[in-house]
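Reader: Hey, I'm new to this one. Could you walk me through it?

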Amino acid sequence: MTAPAPAAGGRTLAHPAPEEIRLEDVLHALSDPLRLGIVRDLAGGRGELACSDFDVPVTKSTTTHHFRVLREAGVIRQVYRGTAKMNGLRRDDLDALFPGLLDSLLAAAARQEERRAHD
């Protein structure tokens, strides 16, 4: 893991360095529909989002778990800004390591959602 990014009040979070990101960890992290939804929201181009910006139908502790899985897999970067934990997609790292993977997964998820909407 890379050295944690400094945060307000000394709070830091560890993130894997790009060379430590493994395909199987990324695929595992994105295999959960809730986590894939979080990534889809982040990929929507609104920049960093606070954890509270996500509408997830689970408890706070379960939400924390899902964000941790995404961070530890190298899919997102989390930093504290004041009292908010901000989340950003590590698109540049993922695209450099696995060209086309993220775009393909996001497109497949969108197609699946469209099919379900028509059922």
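**A first look around**

Author: Contact here means heavy atoms within 4.5 Å. This is a predicted model, where local features need pLDDT of at least 70 and side-chain atom pairs count only at pLDDT 80 or more, while totals for chains, interfaces and linings use all residues. Residues are numbered from 1 along each chain as its sequence is written, and side-chain values use heavy atoms, with hydrogens and water left out.

Reader: Where is Val-56 found?

Author: Val-56 lies in the loop between strand S1 (49-50) and H3. Helices (H or I, at least four residues) and strands (E, at least two) are DSSP runs, numbered from the N terminus.

Reader: And how many helices and strands are in the protein?

Author: The protein has five helices and three strands. Starting at the N terminus, the order is α-α-β-α-β-β-α-α. Its radius of gyration is 14 Å, close to the 14 Å that the globule rule gives for 119 residues, so the protein is as compact as a globular protein of that length. That radius is taken over C-alpha atoms, and the rule is 2.2 Å times the number of residues to the power 0.38.

Reader: What box do the C-alpha atoms fill?

Author: Roughly 50 × 30 × 25 Å, taken along the principal axes.

Reader: OK, on to the inside. Which residues have the most contacts inside the largest nonpolar core?

Author: Val-39, Leu-70 and Val-75, in a core of 23 residues. A nonpolar core is a set of buried Ala, Val, Leu, Ile, Met, Phe, Trp, Tyr and Cys residues joined through side-chain atoms within 4.5 Å. Buried means under 20% relative accessible area, exposed over 50%, and partly exposed in between (1.4 Å probe, protein chains only).

Reader: Which elements give two or more residues to this core?

Author: Helix H1 (23-30), H2, helix H3 (60-73) and H5 do. The largest share, five residues, comes from H2.

Reader: What is Val-39 in contact with?

Author: Leaving aside neighbours within four places in sequence, Val-39 is in contact with Leu-30, Leu-70, Val-75, Leu-89, Leu-102 and Leu-106.

Reader: At what angle do H2 and H5 pack?

Author: Helix H2 (residues 33-43) and helix H5 (residues 101-118) pack at about 110 degrees, and their axes are 11 Å apart. That makes H2 roughly perpendicular to H5. Axes are lines fitted to C-alpha atoms, for helices over the stretch in contact, and angles run from 0 to 180 degrees between N-to-C directions. Under 35 degrees counts as roughly parallel, over 145 as roughly antiparallel, 65 to 115 as roughly perpendicular and the rest as oblique.

Reader: Which residues in H2 and H5 meet?

Author: From H2 there are Leu-36, Val-39, Arg-40 and Ala-43, and they meet Leu-102, Leu-106, Ala-109, Ala-110 and Glu-113 in H5.

Reader: New topic: is His-66 buried or exposed?

Author: His-66 is buried, at a relative accessible area of 8%. This residue is found in helix H3.
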